[in-house]
Amino acid sequence: QVQLVESGGGSVHPGGSLRLSCVGSGRTFSNYAIGWFRQAPGKEREFLGAIIRSGSSTYYEDSVKGRFTISRDNAKNTVYLQMDSLKPEDTAVYYCSADPKLHTLVVATTDTNAHPELWGQGTQVTVSV
């Protein structure tokens with residue numbers, strides 16, 4: 001079974017950039033679609049985007065489209081979240097999640113029956129002046 005570990009979080013000024021990594025352990029990492037989520041204090045978890053198993057296609061929520069980019073390197077068991085033009089409202093704990101089905105990730109925060117198979121522990125991103 002794959003386990004996920006996020007890294008790359010930190011503090012950045014508005015307009016800055018960060019790249020988060022989600023590293024999966026185990027030989028079956030390429031069998032999973034990977035999604036990125038975030039949760040700000042006092043708010044519900046928000047789906048940001050996802051990438052299919054091969055990495056050839058991605059899906060983004062409108063709130064981050066054009067600013068965030070997801071990519072993956074299956075040889076390194078790693079998925080990346082490149083975040084540009086960061087805003088204070090991007091401050092949150094960021095999580096990666098894995099499921100064999102992309103759809104499960106896309107609807108994870110809107111469908112109570114959708115439960116992605118794996119979650120990482122999260123990494124904090126703070127955007128402030």
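Analyst: We will go through a sheet, one of its strands, a charged residue, the salt bridges and a loop residue. Keep in mind that this is a predicted model.

User: Let's start with the sheet. How do strands hold together in general?

Analyst: Strands of a sheet pair through backbone hydrogen bonds, and the pairing is either parallel or antiparallel.

User: Which strands form the open sheet here, and in what order?

Analyst: Four strands form it, in the order β1-β3-β8-β7. The pairing is antiparallel. Two strands stand at the edges: β1 (3–7) and β7. Each has a single partner strand, so one side of each is left without a neighbour in the sheet. Neighbouring strands are turned by 20° against each other on average, direction ignored.

User: How many bridges join each pair of strands?

Analyst: Walk across the sheet. Five bridges join β1 to β3. Six join β3 (residues 18–25) to β8. Six also join β7 (residues 68–73) to β8 (residues 78–83).

User: Which residues stand opposite each other?

Analyst: Here are some to find on screen. Glu-6 stands opposite Cys-22 in β3. Ser-21 has Tyr-80 in β8 as its bridge partner. Now look at Met-83 in β8. Leu-18 stands opposite Met-83, and Phe-68 stands opposite Met-83 too.

User: Next, a single strand. Which residues of β7 are on the covered face, and which on the uncovered one?

Analyst: Phe-68, Ile-70 and Arg-72 make up the covered face. Thr-69, Ser-71 and Asp-73 make up the uncovered one.

User: Is Arg-72 buried or exposed, and how far away is the nearest side chain of opposite charge?

Analyst: Arg-72 is buried, yet it has no salt bridge. The nearest side chain of opposite charge is that of Asp-73, 8.2 Å away.

User: What polar partners does the side chain of Arg-72 have?

Analyst: One is the backbone oxygen of Ile-52, which lies 2.9 Å from a polar atom of the Arg-72 side chain. Another is the side chain of Asn-74, joined to that of Arg-72 by a polar contact of 2.7 Å.

User: Now the charged pairs. How many salt bridges does the whole structure have?

Analyst: A search finds four. Take Asp-90 and Arg-38 to begin with. Their closest N and O atoms are 2.8 Å apart. Asp-90 lies in the loop between β8 and β9 (92–99), and Arg-38 in strand β4, so the pair ties together parts that are 52 residues apart in sequence.

User: How accessible are Asp-90 and Arg-38?

Analyst: Asp-90 is buried, with a relative accessible area of 1%. Arg-38 is buried as well, at 8%.

User: What other salt bridge does Asp-90 form?

Analyst: Asp-90 also meets Arg-67, at 2.8 Å from N to O. Arg-67 lies in the loop between β6 (58–60) and β7, so this pair ties together parts that are 23 residues apart in sequence. Both Asp-90 and Arg-67 are buried. Shared partners join Arg-38, Glu-46, Arg-67 and Asp-90 into one network of salt bridges.

User: Which salt bridge involves Asp-62?

Analyst: Asp-62 pairs with Lys-65, at 3.1 Å from N to O. Asp-62 is exposed, with a relative accessible area of 65%.

User: Last, a loop residue. Where is Glu-44?

Analyst: Glu-44 lies in the loop between β4 (33–39) and β5 (46–51).

User: Why does Glu-44 count as exposed?

Analyst: Its relative accessibility is 70%. The cut-off for exposed is over 50%, so Glu-44 counts as exposed.

User: What does Glu-44 touch, beyond residues up to four places away in sequence?

Analyst: Glu-44 touches Arg-38 and Gln-39. Glu-44 and Thr-109 are 65 residues apart in sequence, and 8.4 Å apart in space, C-alpha to C-alpha.

Note on methods. Residues are numbered from 1 along each chain as its sequence is written. This is a predicted model: local features need pLDDT of at least 70, side-chain atom pairs count only at pLDDT 80 or more; totals for chains, interfaces and linings use all residues. Side-chain values use heavy atoms; hydrogens and water are left out. Buried means under 20% relative accessible area, exposed over 50%, partly exposed in between (1.4 Å probe, protein chains only). Contact means heavy atoms within 4.5 Å. Two strands pair if DSSP finds at least two bridges between them. Axes are lines fitted to C-alpha atoms, for helices over the stretch in contact, and angles run from 0 to 180 degrees between N-to-C directions. Lys and Arg count as positive and Asp and Glu as negative; His and the chain ends are not counted. A polar contact is a pair of N or O atoms within 3.5 Å; within protein, one must be able to donate a hydrogen and the other to accept it, and residues adjacent in sequence count only if both atoms are side-chain atoms.
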